[in-house]
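Here is a short report to read alongside the sequence and the 3D view. It starts with an annotated span, then turns to the whole chain and one of its pockets.

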Amino acid sequence: MIHITLPDGSVKAFEKNVTPMDVAKSISEGLARNVISASFNGAKVETVTPLNTDGALVLYTWKDDEGKQAFWHSSAHVLAQAIEELYPGAKLTIGPAIENGFYYDVDFGTHSVSEKDFKTIENKMLEIARGKHDFKMRSVTKADALAFYKNNEFKTELIENLEDGSITFCDHSTFTDLCRGGHIPNTGIIKAVKVTSAAGAYWRGDENNPQLTRIYGVSFPKQKELTEYLNLLEEAKKRDHRKLGKELELFTFSQKVGQGLPLWLPKGAALRERLENFLKAAQKKAGYEMVVSPHIGQKELYVTSGHYAKYGEDSFQPIKTPKEDEEFLLKPMNCPHHCEIYKSSQWSYKDLPKRYAEFGTVYRYEQSGELHGLTRVRGFTQDDAHLFCMPDQLDKEFKNVIDLVLYVFGSLGFENFTAQVSVRDPENPDKYIGDIENWEKAEQAIINAAEDKGLNYIVETGEAAFYGPKLDFMVKDALGRRWQLGTIQVDYTLPERFDLTYKGSDNELHRPIMIHRAPFGSMERFVALLLEHTGGNFPIWLMPIQAKILSLSEKYEKYSEKVLNLLENNEIRALVDHRNETIGKKIREAEMQKHPYMLIIGEQEENENKITVRKHGGEDLGMISVEEFANIIKEDISKTLKSF
């Protein structure tokens, strides 16, 4: 007999060779009908994998992320089979599940695939799926695997890097693929598929390698869920920050300036300034001091910090000066500069904590194929801060930063989020710098703070920064998509590398602990997320123009200017549209520009010294005084802008 521990802590005894599906059936037939994947002792297994030892079993359904990953991984196999049957001679490479769906990279040879072919591929996938073919794993020798793929140099390369005895194939129907496992029971569970796009992709992400075609798809166990997903995609297109950024005149890009280097237009610059001032005000209350550091630094600075080893080879190359052997780098991070600012003075325990904040622009050379609007750029501004504190201050300072992050989220409408404690991967120690004891202390400090603050958090192994563990906030936007937004990190390593000290009460020198934090993350990515989350309808306190004054004709220009002055006296951002256009056209354009309020002025409004107020979206608030309108704006702001 073996003993299986279930997620609720209960332990059940079974005969050896019991499968996860057998366990599910022993619990309930309903569960067995819905189980599509499983893990045993933390490793993915098939639902028909024989279990021969004691261990912990988790059963997954479509409702679980792990279940979706198995579903989409299996669907990638079906896509691969469809391609192989439709395009003889095409060479398959890799096809993983991704956050929303799956893809397969293919060398189509003489064939070409475009959007007009998507429906044919979908039909073939559904034809295969209806066969209800079981997914079956089997071990193969390295020699047999190489022989099977002798005409596919891509699969051969993958197999060459695998150890004999660890190679497995997955079979279904007449199709076989190199695979590590993690499938749904059979293809029949796949009821709806959609090929979403095709794009170029280099083999293994290296632009020096052959270019392949990446076919993206998504699949569901019900047609209704696919329909809902496609509707969501349409809404996402409307909210695409690149589209809205252009329509709202916030930012642009120039090939002459360079890829991945955004240019902020006046309205976008004003938006950024309001976001910066919002955070600066909160930081001031929290005891932060603003600093400014240069955009470049000597190479040695980043060698000391470890950033050169991390980013050097794949980033912008060193800037040489007329002086021999002198090299500078565009800064990839602000933290080394802040370490040197701290080091410029000798501090006592009475001076700590020191909290340095900066909206500092940093540079990373992202591959051109990975650039995407404001979410993936080569130059971006971080709302960076670094806190230097004593060990007995760490818990309080970390929790105070959590409070600041939650204040930012609350004021900008991000209510749906989870926290992720990102720790090191003990199996890959070479990825990190610093000693194990400090890593363990830092990881435990973050977990304690998250628990004390009552955060809904998970622990993710292997997601830590190279110099320390971190607490990341994973935000769900209005469309249900997850974004990493806001991060707090505990770092024992950089203070050691830069030999940072403070004089303790014992008159001896001690090493401070460093906290890295960035509630926005980067201004560019944050604005992109905010645009897509709100659809351009920002919180009223953040809107570039809070009210657009629309005069019915030039006769009311003088009164319009009077209204504008009254609004400005109440610190309301407004603009007058004096153009000789119809009021209908002015309203339509104001709606497109997402102005929260439209103030219509004509003869009656002037005579009664009032304004007619229309909200974005069409709601009519009637004719009221400017003072009443100012109070409406102030009340709107008080509802959204939280106190800190």
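In the unreviewed UniProt entry, residues 240–539 carry the annotation "domain: Aminoacyl-transfer RNA synthetases class-II family profile"; such annotations may be inferred rather than shown by experiment. The end C-alpha atoms of this span lie 18 Å apart, and 33% of the span is helix and 26% strand. The model is predicted, so to speak of local features a pLDDT of at least 70 is needed, side-chain atom pairs count only at pLDDT 80 or more, and totals for chains, interfaces and linings use all residues. Residues are numbered from 1 along each chain as its sequence is written, and side-chain values use heavy atoms, without hydrogens and water.

Here is the protein at a glance.

| Feature | Value |
|---|---|
| Helices (DSSP H or I, at least four residues) | 20 |
| Strands (DSSP E, at least two residues) | 34 |
| Buried residues (under 20% relative accessible area, 1.4 Å probe, protein chains only) | 51% of 644 |
| C-alpha box along the principal axes | roughly 85 × 75 × 60 Å |

Now to the second largest pocket, which holds about 890 Å³ of space. A pocket here is an open set of points on a 1 Å grid where a 1.4 Å probe fits, with protein on both sides within 12 Å along at least five of seven lines; lining residues have an atom within 4 Å of a point. Of its 30 lining residues, Lys44, His73, Cys179, Arg180 and Gly181 lie nearest the centre. Helix α3 (65–86) is among the elements that supply at least two lining residues, and α3 gives the most, with six.

Note on methods. Points joined across faces, edges and corners; volume = space filled by probe spheres on them. Buried < 20%, exposed > 50% of the residue type's maximum accessible area, 1.4 Å probe, protein only.
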